[in-house]
Amino acid sequence: MVINTNVEAQRTANNLNVSQTNLAKSLSRLSSGSRIVNPSDDAAGLAVSSRLRAQIKRLDSALSNVINAVSFTQTQDGFMKTVDKAFRRMGELAMLARDETKSSQDRALYDQEFQQLKEMVNDVRTAQLNDVNLFDGLAREVTVSPEGDSVTMGDVDLFTDEFNVLTANTTRLTSIEGARAALDATSAAGASVSIERADIGGTLSRLETASAQLTSQRGSMTAAASRIRDTDV
């Protein structure tokens, strides 16, 4: 029997200290929801999860860029649908005005609607989204991945020769000759609109694919970081 040193009491005290330390860790993990409260809990896991979190933040930024680009491109296409519809009606009016059985008064009425549609198209040409011109023909690079991959969007130009000829003040339906010239101009501009809308469709498809890919990648990385860092009860 040991008299001077109570070994059992020391052993009990040590066990109690260990239990209290483990209890404090468990309570801290439960209250914070994180398995790694202090770097000493899992130094390697902390480094890996921090790197994953940084990548997730970059993914979030890239996804925000893509969503904004989709909105921009969809707005462009919305305006282009209106322009396409206007050109179809303008071509119809020009064809009616070419009819030699129509009087000058009839042509004046056709021309009145033609000019209103032309004014609407001119307004669309200067449309903006968030103070950015939609149809100035400038290409804009959108970063669609954390690695810096980009997609070109926004290069829709409504100031080409085809559109300039159609929207000129001299384009009128008040004569047979004017109606013929207006019909030719409308056909050329309408063809350009079709090409531009096809380009917009391709850009939208690419952006939507990038959005789906980023969303999937973000989900996978978030799950990986959670397995390392979050408390599992």
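Predicted model: local features only at pLDDT ≥ 70, side-chain atom pairs only at ≥ 80, totals over all residues.
**View 1. Thr-75 and its partners.** Thr-75 is partly exposed, at 26% relative accessible area (buried is under 20%, exposed over 50%, partly exposed in between, with a 1.4 Å probe and protein chains only). Beyond its neighbours within four places in sequence, Thr-75 contacts Leu-129 and Leu-134 (contact: heavy atoms within 4.5 Å). Thr-75 and Leu-134 are 59 residues apart along the chain, and 8.2 Å separates their C-alpha atoms.

**View 2. Thr-171 in its loop.** Here we look at the loop between helix H4 (161-166) and helix H5 (176-229), where Thr-171 is found. Thr-171 is buried, with a relative accessible area of 9%. Not counting residues up to four places away in sequence, Thr-171 touches Phe-114, Gln-115, Lys-118, Val-165, Leu-166 and Ala-182.

**View 3. Buried residues of helix H3.** The buried residues of H3 include Phe-114, Gln-115, Lys-118 and Val-121.

**View 4. Phe-87 in the core.** The largest nonpolar core has 47 residues, and Phe-87, Phe-135 and Leu-173 have the most contacts inside it (such a core is a set of buried Ala, Val, Leu, Ile, Met, Phe, Trp, Tyr and Cys residues joined through side-chain atoms within 4.5 Å). H2 gives the most to this core, with 17 residues. Leaving out residues up to four places away in sequence, Phe-87 touches Val-121 and Phe-163, among others.

Key
Residues numbered from 1 in each chain as written. Heavy atoms only, no water. Helix = DSSP H or I, 4+ residues; strand = E, 2+ residues; numbered from the N terminus.
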